[in-house]
Amino acid sequence: MSAFNKRIALMVAGIAVSLSGCSMMKGDDETAQAEPVSQPMNVIDITAIDRAPVEPDDDDESASQGMDAYGAIGQPPLYSSVQGAYKGRPLTKHIGDYVKNMTQDLIANMEYVNEKTPIGVTHFALIDTDLQTTDLLGRQMAESFVHELHKFRVPVIDFKATDYIRITTDGDFVLSRDYLELSSGLPIEYVLTGTMAKHQGGVLVNARILGIESRAVVASAQMLVPFYVVDALIPSDGSQQNGMRDGVRLSRG
């Protein structure tokens, strides 16, 4: 074989080797692509799931405003974890909306109470105390229950009402917290009361109607009120609880 033919044969052999190498590399790439890629750990944002927007409804005004299931406009960044003034997006639902749902539960399983059995409503106590302590939420829930029960035509007696109107420089008042000014002979047969427990996502409220004489539970309801709805209640002096005021923790030196 001549030198020229030998060079041609070597060139052909080199091309064949390079082509086979490319095919092997391509096969390796396809094998690598075919192998399953390990997925990262699936981290679920419970806040995003819990606060998913409401499904659009033609008759629902909240859908057009972008409200979530709790009535907050838009997507709040986080649940509130401290008591105080609500500083997030504006709310369209308040504690009265949750009391309305609880009242419906009470009416659904209520026994013996009717339009002829007067009922009184007391403040809701903090469950981890001696049951003699409440807060702004417990007071407002009692006021909301008075309204909701009256809507169901359940006779409600406001035992904090006096038999006179007190006229002062601060206003005209008929309600009082001084038991000496109140009547002790009111015809109350049942009382609505309850407890509250702090929860990771809000305040767990337990409501029940008791017989004054029998102490028997004739109706009950339970609901979790989100923290940011509770935090929307602001004390009359505008301060926050837990020593917070205007976002600053105050301490006496």
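Ile 167 is found in strand β3 (strands being DSSP runs of E, at least two residues, and helices runs of H or I, at least four, numbered from the N terminus). The model is a predicted one, so local features need pLDDT of at least 70 and side-chain atom pairs pLDDT 80 or more, while totals for chains, interfaces and linings use all residues. Residues are numbered from 1 along each chain as its sequence is written, and side-chain values use heavy atoms, with hydrogens and water left out.

Ile 167 counts as exposed, at 67% relative accessibility (exposed is over 50%, buried under 20%, partly exposed in between, with a 1.4 Å probe and protein chains only). Together with Ile 165, Val 174 and Leu 175, Ile 167 makes a nonpolar surface patch of about 410 Å². Such a patch joins nonpolar side chains (Val, Leu, Ile, Met, Phe, Trp, Tyr) within 5 Å, from residues with over 30% relative accessible area and no salt bridge. Strands β3 (161–168) and β4 (171–175) each supply at least two of the patch residues.

Turning to charges, the structure holds three salt bridges (a side-chain nitrogen of Lys or Arg within 4 Å of a carboxyl oxygen of Asp or Glu). One of them pairs Glu 181 with Arg 166, at 2.5 Å from N to O. Glu 181 sits in the loop between β4 and β5 and Arg 166 in strand β3, so the pair ties together parts 15 residues apart in sequence. In another, Glu 148 meets Lys 151, with the closest N and O atoms 3.4 Å apart. Both lie in helix α5 (residues 136–151), three residues apart, or about one turn of the helix. Glu 148 is buried at 5% relative accessibility, whereas Lys 151 is partly exposed at 43%.

Notes
Patch = residues over 30% accessible without salt bridge, like charges linked within 9 Å, V, L, I, M, F, W, Y side chains within 5 Å. Areas by Shrake-Rupley, 256 points an atom, 1.4 Å probe, with all protein chains shown as cover.
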